[in-house]
Amino acid sequence: MALSALFLMFFLLQHFAINITSVFSADIFNEISHFMGTNPLIQYVMQPILIFGVVFHFVMGFILELKNIRSRTVKYAKNNGGANSSWMSRNMIWSGLAILAFIILHFIDFWIPELNIKFVQGDMSGLLPDGEGYRYFEELQHKFVNPLRVGVYVIAFVFLALHLLHGFNSAFQSMGANNKYTKGLETFGKAYAILVPLGFVFIALFHHFNH
Amino acid sequence: MNLTLKIWRQKDANDKGRLVEYKVTDISEHMSFLEMMDVLNEQLINKGDEPVAFDHDCREGICGMCSMYINGEAHGPDKGVTTCQLHMRMFKDGDTIYIEPFRANAFPVVKDLVVDRSSFDRIQQAGGYISVNTSGNTQDANATPISKIAADQAMDAATCIGCGACVATCKNSSAMLFVSAKVSQYALLPQGQVEATDRVLNMVAQMDAEGFGNCTNTGACEVECPKGISLENIARMNREYMKASSQG
């Protein structure tokens with residue numbers, strides 16, 4: 001669970017680093033997207049590892065939750081969870097489910113059309129239908145025209161931030177990292193958990209107002 | 001002060017159990033929580049009713065016997081204390097207080113507020129010890145140099161009284177804080193190294209076999225622990241477990 005979490009947090013950072021280039025330069029974003037979308041190492045090695053990491057994290061999360069629910073079948077009549085733990089730590093399953101719903105939407109939005117173009121239509125060129133430049137930046141902007149979709153993305157990133165606010169340091173604790181660096185790591189974890197989702201929200205809003 | 005108590009009553013392990021409301025009057029704020037329970041039980045006995053069964057022994061926060069879940073918190077609203085050290089000054093006149101047993105499938109209710117915590121004993125028996133030859137040639141413990149830091153950390157871990165508040169308060173009923181304290185107190189000392197691999201593997205296996213839940217690092221156990229056992233122990237046990245697993 002913790003290992004897949006660390007892997008996914010690293011992936012998220014890499015995803016953000018690529019997406020933020022779309023704010024500064026359509027050309028750079030297009031070049032990187034084309035490389036990521038056509039490089040055999042990324043497509044046939046890294047992408048399956050990523051899919052496995054995502055599925056593994058969710059499946060393990062569900063198994064963990066079910067086992068934990070079964071360990072206390074008679075609940076307390078009165079339980080004051082807020083007295084000793086954060087809301088985020090007690091509701092990882094709900095923030096996780098919200099993220100899962102978002103990932104399904106994200107796959108429908110980007111991944112499935114990408115697979116369709118490349119492997120069903122067989123067009124690996126990455127070019128627009130008229131052949132005038134790459135299609136990636138235009139596709140990105142097109143997705144963020146609809147305010148409803150932008151709203152859903154923003155809400156999803158709020159859940160992602162809540163999930164990361166507990167998950168970042170929890171992953172390190174599970175891996176046995178609790179020492180003199182833990183305080184610093186907690187601060188870094190909080191910054192990561194807020195700034196990365198906030199960055200994704202910024203990208204979505206930027207393209208919504210600048211398409 | 002006058003209080004309304006909603007107390008879990010359960011005839012035996014097979015009874016379904018339910019919350020029963022009681023009124024107690026003229027409770028002094030200087031009383032301990034268990035003394036307040038004693039007053040209630042005297043009232044019940046005088047009326048010919050069955051007194052409320054609850055665990056207690058030393059009544060000074062050492063034995064780890066008292067085990068009530070009070071107003072949604074293990075050992076009540078005060079921090080760093082057991083139920084016997086909780087004072088009625090933590091409550092106000094007219095308050096309604098919920099009193100429930102520690103809840104976990106690994107801690108089945110025996111009667112009313114008494115739970116069976118022998119699962120902790122079985123975890124201890126699985127590896128929470130060191131084997132020492134006591135034939136008369138035992139080496140003086142002080143002959144083994146131990147750093148002050150390691151000695152202090154081992155002592156901190158050893159202060160766990162095994163009350164089970166960590167399990168009761170954890171949303172997953174995880175026993176990781178208890179087990180990690182027992183693993184840590186030996187893992188930090190040279191005397192514990194000989195059996196270190198078997199200890200952590202066997203104790204964790206027993207913990208899982210008892211039906212405790214899994215740790216999700218909410219940190220609630222550390223907050224509610226009457227002895228302030230740190231989450232650092234859980235991280236240490238995780239390291240010990242990974243090391244032991246890699247050694248087979």
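The points below take the basis of the model, then each chain, a helix pair and the interface.

1. Basis. This is a predicted model, in which local features need pLDDT of at least 70, side-chain atom pairs count only at pLDDT 80 or more, and totals for chains, interfaces and linings use all residues. Residues are numbered from 1 along each chain as its sequence is written, while chains are lettered from A and ligands numbered from 1 in the order in which they are written.

2. Chain A. Its secondary structure comes to 8 helices and 0 strands; helices (H or I, at least four residues) and strands (E, at least two) are DSSP runs, numbered from the N terminus. The order of elements from the N terminus is α-α-α-α-α-α-α-α. The C-alpha trace of chain A spans about 65 × 35 × 35 Å along its principal axes. Of the 211 residues in chain A, 24% are buried (20 or more other C-beta atoms within 10 Å of the residue's own, with C-beta atoms placed from the backbone).

3. Contacts in chain A. Two residues are in contact if their C-beta atoms, placed from the backbone, lie within 7 Å. Of the contacts in chain A with a separation of 6 or more, 80% are between residues 24 or more positions apart.

4. A helix pair in chain A. The axes of H1(A) (residues 2-24) and H2(A) (residues 26-38) come within 6 Å and cross at roughly 150°. Axes here are lines fitted to C-alpha atoms, for helices over the stretch in contact, and angles run from 0 to 180 degrees between N-to-C directions. H1(A) and H2(A) are therefore roughly antiparallel to each other (angles over 145 degrees). H1(A) contributes Ile18(A), Thr21(A), Ser22(A) and Phe24(A) to the contact, and H2(A) contributes Ala26(A), Ile28(A), Phe29(A), Ile32(A) and Met36(A). By class, these are 7 nonpolar, 2 polar and no charged residues. Ala, Val, Leu, Ile, Met, Phe, Trp, Tyr, Cys and Pro count as nonpolar, Asp, Glu, Lys and Arg as charged, and the others, Gly among them, as polar.

5. Chain B. This chain has 8 helices and 7 strands, and its C-alpha trace spans about 60 × 35 × 35 Å along the principal axes. Buried residues are 44% of the 248 residues in chain B. Among its contacts between residues at least 6 apart in sequence, 70% join residues at least 24 apart.

6. The interface. The contact takes 26 residues from chain A and 32 residues from chain B. On the chain B side, strand S5 (96-101), helix H7 (220-224) and helix H8 (232-247) each supply at least two residues. The largest share of that side, 6 residues, comes from H8(B). The residues of the side of chain B that touches chain A divide into 11 nonpolar, 14 polar and 7 charged.

Key
A residue is buried if 20 or more other C-beta atoms lie within 10 Å of its own, exposed if 12 or fewer, and partly exposed in between; C-beta atoms are placed from the backbone. Angles under 35 degrees count as roughly parallel, over 145 as roughly antiparallel, 65 to 115 as roughly perpendicular and the rest as oblique.
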